[in-house]
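Hi,

Here is the structure I promised to pass on. Have a look at it first, and then read my notes below.

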Amino acid sequence: MKNLLGSSVKDLENVALHYGQAAFRGRQIYNWIYNYRNKKKNIDQIEVLPLDFRNKLKNDGFKVTDLSIQERNIANDGTLKLLLSTYDNESIECVGIPTEKRLTACLSSQVGCPMDCKFCATGKEGLKRSLKASEILDQILFIENELNKKVTNIVFMGMGEPLLNIDDLLLSIRSINEDFHISQRKITVSTVAVPKMIGKLSAKSFQILGNCQFTLAISLHASNQNIRETIIPSAKNYKIENIIEDCKQYVKDTGRRVSFEYLMLNGVNDKLEHANELSNLLKGFQCHVNLIQYNQIDEVEFQRASLKNLQSFQSRLSRNGIAVSLRKSRGLDKNAACGQLRQNAKVK
């Protein structure tokens, strides 16, 4: 199937010309696809196009979506979680997080995840496959259509490891920026960190996007190698010191600071000695730490760090000269919070 989602206006003009239509027909398709108030997903419903053109597109396998809604749920705080079915009967989840002034879309980049982080539900069934750029972008349209509001911010913090799907990740970012008109500076790519891929991300961003303005967020969650290997098995292949060195080079290459995600786990990584260790690790370059409260999943026995420990940890980092903030969880009552997304699971 030829999915039109993710196509640029020039791409769609060329499609129209290929079928003997005027170029403006391609622009009509473009405007129809990226209008967030449009809840229709079928080429038959693009009524501005001549019927014979619509039929030719459909008969030749063109379409606008490969996904369908399996289940939807709204948390008490207004957070939307969607369970979406793919064309090959897999399942992915995405989340819409609304506030008064913005709508953040938390997107998945893979069906499942190969990283098997011990605190995260997504990797418990492993990786099925990576998502196509059109499947990544389709999540935005579903969120916009369900909440009747335009997405303003993007975080690749859903299911999957984005850097293991780097080409489709960057193609989707191109479309998010140019077609959905969302600034790269409002896009965050979160990664557990994969050897040699941080440098590749910046290099390929300049090749595909022309620049690299989105935020890179490293799911660090530890102040030393031993702790990190305990909670992230794949960490044994990528030493924490090497990650930091690669991040420093990323800052030099892009001019963008790096964020570090730090999940606070009771008795594991939440002591002041860990805060001091983390400060020493990160000092001397442009970065920021997001402290995250742990969100419980059934399969593991990790516990959320106490509010007192969290506040003390935050204060110590700040006193040590590290930029730090606390990220609040959204959608916790509907298993839509960080670390709680899973494949092939019904939304409860």
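Let's start with Ser279, which sits in helix H9 (residues 272-282); helices (H or I, at least four residues) and strands (E, at least two) are DSSP runs, numbered from the N terminus. Ser279 has a relative accessibility of 4%, so it counts as buried (under 20% relative accessible area, with exposed over 50% and partly exposed in between; 1.4 Å probe, protein chains only). Apart from neighbours within four places in sequence, Ser279 is in contact with Leu317, Asn320 and Ile322 (heavy atoms within 4.5 Å).

A quick word on the source: this is a predicted model, where local features need pLDDT of at least 70 and side-chain atom pairs pLDDT 80 or more, while totals for chains, interfaces and linings use all residues. Residues are numbered from 1 along each chain as its sequence is written, and side-chain values use heavy atoms, leaving out hydrogens and water.

Next, strand E6 (residues 103-106): Leu103 and Ala105 on one side and Thr104 and Cys106 on the other are all buried. E6 runs antiparallel to strand E5 (residues 91-98), with 4 bridges joining them (strands pair if DSSP finds at least two bridges between them). Val95 is opposite Cys106, and 4 residues lie between E5 and E6 in their hairpin. Strand E9 (residues 153-156) runs parallel to E6, joined by 3 bridges, and its Val155 is the bridge partner of Cys106.

Cheers
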